[in-house]
Amino acid sequence: MAKSKSYNRGYVILIAAIAAFGGLLFGFDTGVISGALLLIKDDPNLVINGMTQLPERTQEWIVSITVLGAAVGALSSGRITDSLGRKKVLIITALLFAIGSVGLAAANSVAALIIWRGVLGIAIGVASYTVPLYISEISPTHVRGALVSINQLAITVGIFVSYLVDLGFADFDEGWRWMFLVGLVPSLILFIGMFFLPETPRWLMNYKGEDEAKRVLDKVGEPKREEVLTQIKSNIDKEKEQPGIFKVLGAKWVRPALIIGVGIMFIQQLTGINTIIYYSPTIFEMAGFGAEAGDPVFNAILPSLPIGFVNVLFTIVSIYLVDRWGRKPLLYLGLIGMVVALISLGIAFTFHESIGGALRWISFVSMIIYIPFFAISLGPIAWLLISEVYPTKVRGLGMSIATMVNWVANFLVANTFLSLGRAVTGTMPHPADTGTLVNPGGAFFIYAVIGIIGLIFVYTYIPETKGHSLEKIEKHFLDGKHPKKL
Ligand code: BGC
């Protein structure tokens, strides 16, 4: 981060760290379901009509309704963060996270579970748009990139913590209730913490006047106060001239940026990251972990821990490399590694009969290879690119469209993973000989094909934004040049 002492470094980092609890909750509440699902699907109080397990479709809904809620939350965020302000929205979101956690912990039916998972989803969607926006608007210009990346780091920490919590409560009676309840702690930290943080200068200037904006700029110690004030004023003026949504979307010079944002989000999700983040214990169970004596749930959750850890570690590596190597080399490297790991998962599951017990280790190694390649590339870079490619005039709109596409694509994957596997590669015997399980091999092959399409997309369409000012990127698009030529 910047060596300059000319801003209030401690204060600014504290602001970013508290706001990043929104990212941590995004990670926690999406990751926690992976272990909780193993207990929920067998909970006798929830299973209906004498079945031994919740039906697959019900399980998919419990996992994916959150993602659908997040799409709704992301889409409405642009408007509410403008009218209420970023700070108030984050306070309300924290409250929603808290209510959702308690609601889930107390749920007594599948319907209640689905409703509360949906409520949490709305909070996650709002947080996924508002936290980066809040941090980027409040950070002094020269440290903005690093501070915004704290959010992706917080997402991965949230996922890792959720796996630890899942493991901790795996042996408890109705342990899934405790797993969800832990989400209350970060929600309260965000809720209380946000009361002490300022509103962003940009929003204040728009709605409360220049003096208020100046006060916050002084508090964070923005070294270029006058320059920033002028910039904010000119952006506000530009936005006043902003034409209607359809006109903007139809404009030729906006199209490449839209294609980049929407395309990169589709690729980030449709290459299957969240089958691993949300379903890893289920996949491990399919691969035979937990089949032997001991606690099957515990044994299936345990292998997820290295996955969560490697995800955090390589997000840090990516933050270090992204301004040195550039975005595109990391995207190539990441996608190639992911495709190889996905093909290996596909082959291992499809030919499980021939490889026998090796399935367990091949699937574990493939997943542990897949994650770092995702974490150095598509994980942080997709979010970074959407904050870079949109011209000022349409940045808010462009970012909220791309964020919503991210969640809709996530929903498609999370909601169909089991059914897709069943449709392509059918079922396989349960490793403990207690019925059958879906064979996910076919789904992994499909994600691999999308990874290859992603490579072509990055090669032909994504600009290398490293080292270019946002103004230069904007001018490039305005001049009608091909994105790749930047
Ligand atoms: C993605 C999430 C994913 C997470 C994993 C984020 O960038 O948007 O869908 O669960 O990375 O670390």
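Predicted model: local features only at pLDDT ≥ 70, side-chain atom pairs only at ≥ 80, totals over all residues.
**Exercise 1.** Describe how helices H18 and H21 pack against each other.

Solution. Two packed helices are described by the angle between their axes and the distance between the axes. Start with the axes: those of H18 (residues 327–350) and H21 (residues 378–388) come within 10 Å, and they cross at roughly 145 degrees. Next, the hand of this crossing is left-handed. Then list the residues in contact, taking heavy atoms within 4.5 Å. From H18 these are Arg327, Leu330, Leu331, Leu335 and Met338, which meet Leu378, Ile381, Leu384, Leu385 and Glu388 of H21. Sorted by class, the contact has eight nonpolar, no polar and two charged residues.

**Exercise 2.** Find how many cavities of 30 Å³ or more the whole structure holds, and describe the lining of the largest cavity.

Solution. The search finds one cavity at that cut-off of 30 Å³. The volume of the largest cavity is about 190 Å³. Its lining consists of 18 residues, with Phe26, Ile155, Ile159, Asn274 and Phe374 nearest the centre. Two or more lining residues come from each of H2 (21–31), H7 (144–169), H14 (255–270), H15, H21 and H22. By class, the lining of the largest cavity has eight nonpolar, 10 polar and no charged residues.

**Exercise 3.** Describe the second largest pocket by volume and by lining.

Solution. The volume of this pocket is about 390 Å³. Of the 19 residues that line the second largest pocket, Gln53, Glu56, Gln59, Thr436 and Leu437 lie nearest its centre. Helices H4 (56–84), H15 (273–287) and H22 (395–425) and strand S2 (436–438) each give two or more residues to this lining. The class count is seven nonpolar, eight polar and four charged residues.

Terms used
Residues numbered from 1 in each chain as written. Heavy atoms only, no water. Axes fitted to C-alpha atoms, helices over the stretch in contact; angles between N-to-C directions. Helix = DSSP H or I, 4+ residues; strand = E, 2+ residues; numbered from the N terminus. Left-handed = near helix turned anticlockwise from the far one by under 90°. Nonpolar A, V, L, I, M, F, W, Y, C, P; charged D, E, K, R; others polar. 1 Å grid on protein atoms, 1.4 Å probe; cavity = no way out; pocket = protein on both sides within 12 Å on 5 of 7 lines; lining within 4 Å. Points joined across faces, edges and corners; volume = space filled by probe spheres on them.
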